[in-house]
Amino acid sequence: MVEKFYVTTPIYYPNDIPHIGHAYTTLAADVVARWNRLLGKDVFFLTGTDEHGKKIEQTALEKGKTPKEFVDELIPRFKEAWKKLNIKYDRFIRTTDKDHEKVVKEMLQKVYDKGDIYLGNYEGYYCTACEAYFTEKDLIEENGKLLCPIHKKEVELLKEKSYFFKLSKYQKQLLELYEKNPDFILPKKRRAEIINRVKEGLKDLSISRTSFDWGIKLPFDETHICYVWFDALFNYYSATRDPSKEKFWPADVHLIGKDIIWFHTVYWPAFLISAGIELPKTVFAHGWWTFDSEKISKSRGRVINVDELVSIAGVDSARYFLMRATPFGDDGDFSEKSLIEKHNNELANKLGNLVSRVAGLIEKNGVEKTENKLLEKLAINEIKEKMKNYELDKALNDIFAFIDECNEYIQEKKPWETKDKKVLYELADSIKAIAILLWPFIPETSEKIAKGFGFEIRDLEQINKPLENSNIKKGEILFRKIDLKQKYTQD
Ligand SMILES: [Zn+2]
């Protein structure tokens, strides 16, 4: 039986412009999905948009549109952005999709019938931009006003009838979950914070609103709209309710930004336990990209959108930079200059030069099949282990260490002098391994290399099968170096 693998991204607010923050999570999911495809697994990769809520309703109203018309117009921006980044998801789910709405209603009814939902009063400070309530201690006080800590906009004090989910009831079961499944929250450094907060006690969670209409009606009280998190989180599950997709639940990993780790590691498993559904295996929270240590987000001004990101040095260089520049899980500081430096020093100088030199020498001298001893220097098991642990940057380090080995081997063996066809074969066969391993990260480049060296990228097993083709062609230049000095004086 073929093993399955299910990876998700958060669903994004459709009224955001797809920017580096969205791109980072979605790209990481693409890398992880492609890697698992190379492992021969049956992969399901889900992304999408979170379309309900007061904010969408208000913005649509201002524009004289219905909320559905409004969101329909926004979705192509996300789909185009993912296409531009060569991201190949299997489904783009929208919380307005009928199959999702049906599942949310079923889950609400199930949890209600279990006695885990009750009617109460909710009062709290609400940020419309966040679509979330804040406790007073989390807010910023400025000139006597209380501001949202993320948007620095004034919050509203709202009081309304609301249905509550009995989150407090699940404290013990959640703590047991974290205890028994050390990989449920990754990276490990984020576990302690969640565990400590859960130990302090959990308040029941308001899951409905009456102050707006744009959302899923509660099946047991249609005057209430389901509050965003119950609706949004269930997208991961509803996408697997189609009979052909059922085998994918539970998710192997939910990739998220660290700002939403609480919702994914506390609310989400509690909802699932209450509904009697098997839990996902891992929630992995990555860090933020910052400019001068401020989180990059639309409302804070400084955004790098996907078009800008790709325009700096091309798609694969953008993909490579985001995965390589910072340990996956930590924060990273973004700069155009460091992206170009990585493009020049690693992709053009190391990878690009290796491929074009070897292909050029083979075109001239030919190859002779032999045992590839050079491949012994490839730390394949370490790379597999790191990919399994979502240490994506470290896996790239190991792949590039092997590229360095290959470049040193050329310098040492001087095949341009010796015309040694066996040495050239070893290098060609090693380049095959490199192209396969890099495919999840820089698929377009890997496919170009594969074409020139006469093989197709299918799976990791191919690394151990000797390259059969001897008709190797020097293709187009993979990465053109960008002149940093010229670029910055022109600007
Ligand atoms: Zn806010």
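Helices (H or I, at least four residues) and strands (E, at least two) are DSSP runs, numbered from the N terminus. The model is predicted: local features need pLDDT of at least 70, side-chain atom pairs count only at pLDDT 80 or more, and totals for chains, interfaces and linings use all residues. Residues are numbered from 1 along each chain as its sequence is written.

Select lysine 414, in the loop between α14 and α15 (415-418). Lysine 414 is not a glycine, yet has a positive phi of about 45°. Lysine 414 counts as exposed because it has 11 C-beta neighbours inside 10 Å (buried means 20 or more other C-beta atoms within 10 Å of the residue's own, exposed 12 or fewer, partly exposed in between, with C-beta atoms placed from the backbone).

Next, go to lysine 419, in the loop between α15 and α16. Its phi is also positive, about 55°, although lysine 419 is not a glycine. With 13 C-beta neighbours inside 10 Å, lysine 419 counts as partly exposed.

Now display α14 (residues 392-413) and α16 (residues 421-438), which pack at an angle of about 165° with axes 11 Å apart. Axes are lines fitted to C-alpha atoms, for helices over the stretch in contact, and angles run from 0 to 180 degrees between N-to-C directions. The two helices, α14 and α16, are therefore roughly antiparallel (under 35 degrees is roughly parallel, over 145 roughly antiparallel, 65 to 115 roughly perpendicular, the rest oblique).

Move to leucine 186 and proline 187, joined by a cis peptide bond with omega about -10°. Proline 187 sits in the loop between β9 (185-186) and α6 (191-199).

Finally, select tryptophan 249 and proline 250: the peptide bond joining them is cis, with omega about 5°.
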